[in-house]
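Hi there,

Here is the structure I promised to pass on to you. Have a look at it first, and then read on for what turned up in it.

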Amino acid sequence: NGKFISTALTDEFYAFLKYYHAMFEEGLVDPEGFSQTNEQFYAKLKSYAVGSYFGWTPQSNFDAQTATEYDVLPPLTGPDGQRPVTPGQLNRPIGARTGFAITVDCESPATMLRWFDYCNRDTRTKYTWRLGEEGILWELDDEGKVWNIFPENVTADMTRENMKYTYGMYGYAPCLTTVEEVEYNDPEKYPESVVRYNFVLAVMDYFQTEFLPIRYVSEEKTNEKALLETELNAYLDNFVAQSVMNGIDDAGWQAHLAQMEALGVEQWVKWYQDFIDGNF
């Protein structure tokens with residue numbers, strides 16, 4: 001209802017910690033999950049040591065056959081039948097805020113602009129930058145539409161996601177892709193092309209209905225938030241790990257609330273409320 005709250009101060013968060021500790025006691029939560037590297041985690045994935053995990057799609061982590069053994073897990077209903085909510089927003093506006101820029105050290109801005117124009121001279125050039133050579137991950141039809149290709153030679157070590165950033169630059173390419181140049185999928189030819197779309201359909205009824213506004217924030221206010229979050233985030237990371245592994249009781253919860261207050265959670269909440277209300 002337009003009010004910003006800190007989840008880590010709610011009774012629901014306390015219940016979450018106790019629930020995950022119970023799962024931890026049953027061996028259902030990996031104790032190394034709080035400290036392992038990405039490389040260690042992906043090694044566990046490939047060795048079937050992970051039953052459920054957060055990810056883009058299974059096709060991003062496994063070969064085509066293994067990926068079919070994973071399915072989307074719907075949000076779990078909370079205590080007393082509370083309706084679950086999962087983060088998500090359909091058709092969310094996005095953009096590269098660190099896109100093409102010319103630095104003051106550039107000796108010839110005009111030459112740099114000509115290079116950028118060259119990179120964007122047509123759709124085929126753009127997608128060569130984005131996804132590499134035509135015919136491997138994409139193809140252009142006679143009508144000028146781009147179609148995704150899903151190679152048969154994907155492996156757990158070289159998925160299509162890996163290929164996107166190995167053969168091309170994907171989202172980091174020096175190109176402006178227009179609405180007319182968005183790539184298409186052919187579900188009959190490549191069923192895996194709509195896996196993520198179907199995953200979204202399975203959880204979209206649980207998406208939240210209110211979202212933070214998308215708005216420019218000055219460097220001063222950005223730094224102010226970052227300063228508040230530095231200690232808060234470090235504390236919460238450790239607190240959650242300890243609570244899940246060792247358990248937590250009412251005394252521990254009250255100590256947590258006091259520590260959050262000491263670390264400036266009220267100022268942090270006010271920062272976001274002012275942002276929502278347009279006070280800066």
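Which residues does tryptophan 253 touch, not counting residues up to four places away in sequence? Keep that one in mind while you turn the model around; please remember that it is a predicted model.

The answer is a list of eight names: Ala8, Leu9, Thr10, Phe13, Tyr14, Leu17, Phe239 and Ile248. Some of these names come back in the largest nonpolar core, where Phe13, Leu17, Phe239, Trp253, Met260 and Trp268 are the residues with the most contacts inside it. That core has 25 residues. Helix 1 (11-25), helix 8 (219-246), helix 9 (250-262) and helix 10 (265-277) are the elements that each give it two or more residues. Helix 8 gives the most, with seven residues. Apart from this core lies another one, of eight residues, which include Leu131, Leu137, Leu140 and Val154.

Now for the overall picture. The chain has ten helices and two strands. If you read along the sequence, the pattern is α-α-α-α-α-β-β-α-α-α-α-α. The C-alpha atoms fill a box of roughly 65 × 50 × 35 Å along the principal axes. Of the 280 residues, 32% count as buried. The chain exposes about 19,200 Å², and carbon and sulfur atoms supply 53% of that area. Among contacts between residues at least 6 apart in sequence, 66% join residues at least 24 apart. As for charge, there are 21 positive and 44 negative side chains, and the centres of the two sets lie 6 Å apart.

Next, the aromatic rings. The count comes to 25 aromatic pairs. One of them is formed by tyrosine 19 and tyrosine 20, and this pair is edge-to-face, with 6.1 Å from centre to centre and 70 degrees between the planes. Are these two tyrosines buried, exposed or partly exposed? Tyrosine 19 is partly exposed because its relative accessible area is 47%, and tyrosine 20 also counts as partly exposed, at 31%.

There is also an aromatic cluster, made up of Phe4, Trp268, Trp271, Tyr272, Phe275 and Phe280. You will find it in the segment before helix 1. Phenylalanine 4 and phenylalanine 275 are 271 residues apart in sequence, but their C-alpha atoms are 9.7 Å apart in space. Leaving aside neighbours within four places in sequence, phenylalanine 4 is in contact with Leu212, Trp268, Val269, Tyr272, Gln273 and Ile276. Its relative accessible area is 18%, and buried means under 20%, so phenylalanine 4 counts as buried.

Tyrosine 127 sits in helix 5 (residues 123-131) and is buried, with a relative accessible area of 1%. Leaving aside neighbours within four places in sequence, tyrosine 127 is in contact with Gly132, Trp138, Val146, Thr177, Glu181, Val182 and Glu183. Its C-alpha atom is 8.7 Å from that of cysteine 175, which is 48 residues away along the chain. Phenylalanine 211, on the other hand, is in the loop between helix 7 and helix 8 and is partly exposed, at 35% relative accessibility. Not counting residues up to four places away in sequence, phenylalanine 211 touches Gly88 and Gln89.

Finally, two spots in the backbone. Where is tyrosine 48 placed? It is in the loop between helix 2 (38-46) and helix 3 (64-67), and tyrosine 48 has a positive phi of about 60 degrees although it is not a glycine. Tyrosine 170 also has a positive phi, near 45 degrees, and is likewise a residue other than glycine. Tyrosine 170 lies in the loop between helix 6 (160-167) and helix 7 (195-203) and is partly exposed, with a relative accessible area of 21%.

Enjoy exploring it!

Best wishes

Notes:
Residues are numbered from 1 along each chain as its sequence is written. This is a predicted model: local features need pLDDT of at least 70, side-chain atom pairs count only at pLDDT 80 or more; totals for chains, interfaces and linings use all residues. Side-chain values use heavy atoms; hydrogens and water are left out. Helices (H or I, at least four residues) and strands (E, at least two) are DSSP runs, numbered from the N terminus. Buried means under 20% relative accessible area, exposed over 50%, partly exposed in between (1.4 Å probe, protein chains only). Contact means heavy atoms within 4.5 Å. Accessible areas come from the Shrake-Rupley method with a 1.4 Å probe; for residues, only the protein chains shown count as cover. Lys and Arg count as positive and Asp and Glu as negative; His and the chain ends are not counted. The place of a charge is taken as NZ of Lys, CZ of Arg, CG of Asp or CD of Glu. A nonpolar core is a set of buried Ala, Val, Leu, Ile, Met, Phe, Trp, Tyr and Cys residues joined through side-chain atoms within 4.5 Å. Rings of Phe, Tyr and Trp (its six-membered ring) pair if their centres lie within 6.5 Å; planes under 30 degrees apart count as stacked, over 60 as edge-to-face and the rest as tilted.
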